[in-house]
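Student: I would like to go through this structure slowly, asking at each step what a term rests on.
Tutor: Then let us take the terms one at a time and set each value against its cut-off.

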Amino acid sequence: MEKILINDLSFAYSDEPEKLIIKDINLEIKQGEFVCLLGQSGCGKSTLLKLLAGLQKPSEGEITIDGEAIKGASLERTVVFQDYGLFPWMTAGENILLALQQKYPNRKKKELKEVAVDMLRQVGLDESVYKKLPKELSGGMKQRCAIARSLGVDAPILLMDEPFGALDAVTRARLQDLILQLWSKEEVKKTVFFVTHDVDEALLLANRIVVLGQSPSNVIYDCKISDEKRATRDNQFENLEVLKLRNELIKQINQDVMSHA
Ligand SMILES: Nc1ncnc2c1ncn2[C@@H]1O[C@H](COP(=O)(O)OP(=O)(O)O)[C@@H](O)[C@H]1O
Ligand SMILES: [Mg+2]
C-alpha cells in the first residue's frame, strides 16, 4: 500500500518567498490510482510534481507516503519529464542500465543489461536501440526509452510531467496507449501522477482527474472516473458521459481563469 497524503501544503520558491505558488492543498491519492493533474499553464502543476518527487521541499505542510514524510528524491518514485531526461553522452541502453544499477547495486551488470533490453522491448523498441545515442533517436523513441528506464526501476509511484507534450499527435496517441496498457496489465497497479494541460489526454488516461486553479493554486475540481466511464480512443468524441465531463472540466478551468483575470 502506497498511499500519498498531501496535508495543508503550501509552497513558494526561495527567490520569491512571499509569492505562494501553491496554497493549502489537501489531497489523498490511493495506491493504483491514475491521477491526471490538469490546469492552465503556469498554475503550479510541475511545482506540485517536483514536491511529490522530493526535488523541492514544502514551505508549509507536508507530503507523506504511507505515513512517512518525503525526504528528497527516491527510486520509489520515478519521474518522466517532457524533455526525456536522458544523458546525451550515454547510449539509450546505458541510460537505462545506470538507473537499474542504482536500484539493484548487487546484481551483475550482464543480468541488468538483459533487463534493460527487455524493457526496451516492452515499450516497443528493438535491441538495436540499446547502442544508439539519444541524438540518433526520434522524440517518440527517446520518450519510450525514458519510460523503459522508469519501468525498469519498477517504482510503485510514477510521476509524469507532460511527458508527451513535445510529440506529434500520432506518436503521442501511441504512447498514451502504451502507458495505459502497461498500467492496466499490472496486477498491483502503480500509482500514476500524470501532469497535463490537455483535457482530452486526461479523459483518455485517468481514473481520477484533479484540476488545479490559478496560482496560488489549490484543487478546484476532483472527480473519479470508473473504468466503464473512461473515454476510449474510439468513443472519446461520441460518448455523452465523456463529453459532459469534458465540458465540465473546460468550464471549471475557464471560470477559474476568468475569476483571476
Ligand atoms: N525554479 C523556479 N523559481 C522560481 N519560480 C518558479 C520556478 N519554477 C516555476 N516557477 C514559477 O512557479 C509558477 C508555477 O510554475 P509551474 O509549476 O512550472 O507551472 P505549470 O507546470 O502548471 O505550468 C510560475 O509562476 C513559474 O514562473
Ligand atoms: Mg509544467
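Student: How many bridges join β7 to strand β8, and in which sense do the two run, parallel or antiparallel?
Tutor: This is a predicted model, and in it β7 and β8 (residues 191-196) are joined by 5 bridges and run parallel.

Student: Which other strand is joined to β7, and by how many bridges?
Tutor: Strand β6 (residues 77-81) is joined to β7 by 5 bridges, and these two strands also run parallel. Here phenylalanine 81 stands opposite aspartate 161 in β7.

Student: What makes β7 count as largely enclosed?
Tutor: A residue is called buried when its relative accessible area is under 20%, and 5 of the 5 residues of β7 are buried, so the strand is largely enclosed by the rest of the structure. Both faces are covered, with Ile157, Leu159 and Asp161 buried on one side, and Leu158 and Met160 buried on the other.

Student: Why is strand β9 described as largely enclosed by the rest of the structure?
Tutor: For β9 (residues 208-212) the count of buried residues is 5 of 5, so this strand is largely enclosed by the rest of the structure. One side carries Arg208, Val210 and Leu212 and the other carries Ile209 and Val211, all of them buried.

Student: Which strands pair with β9, and in which sense?
Tutor: Strand β3 (residues 34-38) pairs with β9 in the parallel sense over 4 bridges, with leucine 37 opposite valine 210. Strand β10 (residues 219-224) is joined to β9 by 5 bridges and runs antiparallel to it, with isoleucine 209 opposite cysteine 223. The strands β9 and β10 form a hairpin, with 6 residues between them.

Student: What is the omega of the peptide bond from serine 215 to proline 216, and is that bond cis or trans?
Tutor: The bond is cis, with omega near -5°, and proline 216 lies in the loop between β9 and β10.

Student: Why are helices α4 and α5 called roughly parallel?
Tutor: The axes of α4 (residues 139-153) and α5 (residues 169-185) come within 11 Å and cross at roughly 15°. Angles under 35 degrees count as roughly parallel, and α4 and α5 are therefore roughly parallel to each other. The crossing in which α4 passes α5 is right-handed.

Student: Which residues of α4 and α5 meet?
Tutor: From α4 come Gly140, Gln143, Arg144, Ile147 and Leu151, and they meet Thr171, Arg174, Leu175, Leu178, Ile179 and Leu182 of α5. The residues of this contact divide into 6 nonpolar, 3 polar and 2 charged.

Student: How do you know that aspartate 24 is partly exposed, and what is its phi?
Tutor: Partly exposed is the range between buried, under 20%, and exposed, over 50%, and aspartate 24 has a relative accessible area of 38%, so it is partly exposed. Aspartate 24 belongs to strand β2 (residues 22-29) and has a positive phi of about 50°, although it is not a glycine.

Student: What makes aspartate 154 partly exposed?
Tutor: With a relative accessible area of 42%, aspartate 154 is partly exposed by those cut-offs of 20% and 50%. Aspartate 154 lies in the loop between α4 and β7, and its phi is positive, about 55°, although it is not a glycine.

Student: Why does glutamine 236 count as buried?
Tutor: The relative accessibility of glutamine 236 is 10%, so it counts as buried, the cut-off being under 20%. Glutamine 236 lies in the loop between β10 and α7, and it touches residues including Asp200, Leu204 and Val242.

Student: Why do β2 and β5 stand at the edges of their sheet?
Tutor: The sheet is open, with 4 strands in the order β2-β1-β4-β5 and antiparallel pairing. Each of β2 and β5 has a single partner strand, so one side of each is left without a neighbour in the sheet. Helix α1 (residues 45-53) packs on the sheet, touching β1, β2 and β4, and 7 of its 9 residues are buried.

Notes. Residues are numbered from 1 along each chain as its sequence is written. Chains are lettered from A and ligands numbered from 1 in the order in which they are written. This is a predicted model: local features need pLDDT of at least 70, side-chain atom pairs count only at pLDDT 80 or more; totals for chains, interfaces and linings use all residues. Side-chain values use heavy atoms; hydrogens and water are left out. Axes are lines fitted to C-alpha atoms, for helices over the stretch in contact, and angles run from 0 to 180 degrees between N-to-C directions. Angles under 35 degrees count as roughly parallel, over 145 as roughly antiparallel, 65 to 115 as roughly perpendicular and the rest as oblique. A crossing is left-handed if the near helix is turned anticlockwise from the far one by less than a right angle, and right-handed if clockwise. Contact means heavy atoms within 4.5 Å. Ala, Val, Leu, Ile, Met, Phe, Trp, Tyr, Cys and Pro count as nonpolar, Asp, Glu, Lys and Arg as charged, and the others, Gly among them, as polar. Buried means under 20% relative accessible area, exposed over 50%, partly exposed in between (1.4 Å probe, protein chains only). Two strands pair if DSSP finds at least two bridges between them. Lists of a residue's contacts leave out its neighbours within four places in sequence.
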